Amino acid sequence: MAGLSRAGSTSSLVILFLCFFSFSEAKDYLVGGKPDAWTVPSSQADSLNQWAQSSRFLVGDSLVWKFDGEKDSVLQVTKKDYVNCNTSSPIEEYKDGNTKVKLEQSGPYYFISGAEGHCAKGQKLIVVVISNKHRGIHSISPAPSPAEVEGPAVAPSSGATSFNGGFMVAVGALVGFVLV
């Protein structure tokens with residue numbers, strides 16, 4: 001009987017370890033959640049900032065863009081250049097159509113389209129990256145709305161808190177450990 005309890009304890013600890021290990025795993029995010037998302041949005045609801053608000057970006061994650069490199073580009077810019085849609089002095093320019101940008105530090109990242117007139121029509125993105133040490137069990141989406149840069153903030157329309165799936169697995173493992 002003691003052997004059965006020890007086996008249950010060991011398996012629970014392994015599951016718990018795997019759950020915590022998954023918390024630090026870097027992820028690749030396809031910008032907009034689909035390959036053709038780097039375009040002028042048809043409405044504010046289609047804005048890439050709406051997508052970014054529903055995602056949580058951590059240091060070490062990467063953003064991936066898929067676009068026609070002959071017609072467009074992705075420019076990483078300062079906040080001022082983001083607001084003014086200034087394409088003349090980007091921090092970085094990506095033109096290959098299959099771009100991957102690693103988010104190496106916490107804070108906001110600003111991206112605009114390099115195609116003439118596209119930024120002014122809304123083809124731009126703000127991503128706020130948080131450090132792994134600030135990742136909580138209950139989390140509020142850190143990405144600012146476009147209005148935060150250009151005007152007053154708007155309350156989110158969906159629930160502001162959520163449980164991490166890995167956390168729920170860890171709780172289940174702990175419950176299983178206690179029951180054994």
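**Aromatic pairs and a buried loop**

Mentor: W65 is buried, with a relative accessible area of 1% (buried means under 20%, exposed over 50%, partly exposed in between; 1.4 Å probe, protein chains only). Keep in mind that this is a predicted model, where local features need pLDDT of at least 70, side-chain atom pairs count only at pLDDT 80 or more, and totals for chains, interfaces and linings use all residues. Residues are numbered from 1 along each chain as its sequence is written, and side-chain values use heavy atoms, with hydrogens and water left out.

Trainee: OK, how many aromatic pairs does a search of the whole structure find?

Mentor: Six. Rings of Phe, Tyr and Trp (its six-membered ring) pair if their centres lie within 6.5 Å; planes under 30 degrees apart count as stacked, over 60 as edge-to-face and the rest as tilted. W38 and W65 make an edge-to-face pair, at 5.9 Å centre to centre and 80° between the planes.

Trainee: Which parts does that pair tie together?

Mentor: W38 lies in the loop between strand 1 and helix 2 and W65 in strand 3 (residues 62–66), so the pair ties together parts that are 27 residues apart in sequence. Helices (H or I, at least four residues) and strands (E, at least two) are DSSP runs, numbered from the N terminus.

Trainee: And W38, buried or exposed?

Mentor: W38 is buried, at 4% relative accessible area. Ring pairs also link W38, W65, Y109 and F111 into a cluster.

Trainee: Switching topic: what does the charged end of K124 sit over?

Mentor: The ring of Y82, 4.5 Å from its centre. The cut-offs are NZ of Lys or CZ of Arg within 6 Å of the ring centre and within 35 degrees of the ring normal.
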